[in-house]
Amino acid sequence: MKKIITLGLVTLVAGLLHAADSGTKDKITAATKKVGDQANYSWTTSTKEADGSPGRLGPLDGKAEKGGVTFLSFTIGGLPVEVCMTGSKGAAKALEGWQTFEDIAATGGTAEAVVKYLRSYQAPVAEATGLVGKLTDLKEADGALVGDLKEDALKELLLFGTRQREGQEPPKIEGAKGSVKFSIKDGALTKYEIKIQGKVTAGERVMDINRTTTTEIKEVGSTKIELPDEAKQKLN
């Protein structure tokens, strides 16, 4: 009898935790949708390492129109870059004026890698929506909603940008952990913060990663995007 009661309590607690987790996910999804339902919005994404230094990619400022253009501006290695994308088309401006993604990628090397990153880039509404399904143990903490990243999602983030040479063993990951914190105001998502930590060994290269990426959403419904004529031509 005691064993039956214990099993019943475990089942009850598990059910309550699952319900709480689902309710928190629904709250985040609804808050994200509230932003996505607007005609436009802006955001700033910044990355900091554990020692306080910024990431290699400088603060990224973005603007997006619902079903329309996404515009990004950032610096990489001190070089200012502007990007505009719509559907499967994209163009970027660095040192040599506006060029299509295809023209940039054709030069190979770092340029090709940057275009690959841009093609996979997700604006905050899409990224935050996808993150919800990659979390576990969601709960409220310090006025925000926090969840731990699942193993596969954490591995993907830790290995992002890591290149594996031919014949080289797959990268090894140790001490991996990560979380995402969502801030909501008036039912709408205003900020989310991704924290990842772990040791990645790729060949002879060892990387100790301890990084926080913060995205702040702003100017929801009042954002304006004005593309230069040259950029518009590249998207046509």
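**The salt bridges**

Guide: The structure holds five salt bridges, a salt bridge being a side-chain nitrogen of Lys or Arg within 4 Å of a carboxyl oxygen of Asp or Glu. Side chains of opposite charge can pair when their charged atoms come close. This is a predicted model, in which local features need pLDDT of at least 70, side-chain atom pairs count only at pLDDT 80 or more, and totals for chains, interfaces and linings use all residues. Residues are numbered from 1 along each chain as its sequence is written, and side-chain values use heavy atoms, with hydrogens and water left out. The mean pLDDT (the predictor's confidence in each residue, from 0 to 100) is 88 for the protein.

One of the bridges joins glutamate 49 to arginine 211, at 3.3 Å from N to O. Glutamate 49 belongs to strand 1 (residues 40–49) and arginine 211 to strand 11 (residues 205–218), so the pair ties together parts that are 162 residues apart in sequence. Strands (E, at least two residues) are DSSP runs, numbered from the N terminus. Glutamate 49 is partly exposed, at 24% relative accessible area; buried means under 20%, exposed over 50%, and partly exposed in between (1.4 Å probe, protein chains only). Arginine 211 is also partly exposed, at 25%.

Another bridge is formed by lysine 181 and glutamate 193, at 4.0 Å from N to O. Lysine 181 lies in strand 9 (residues 172–185) and glutamate 193 in strand 10 (residues 188–202), twelve residues apart. Lysine 181 is partly exposed at 33%, whereas glutamate 193 is buried at 17%.

Terms used. Helices (H or I, at least four residues) and strands (E, at least two) are DSSP runs, numbered from the N terminus.
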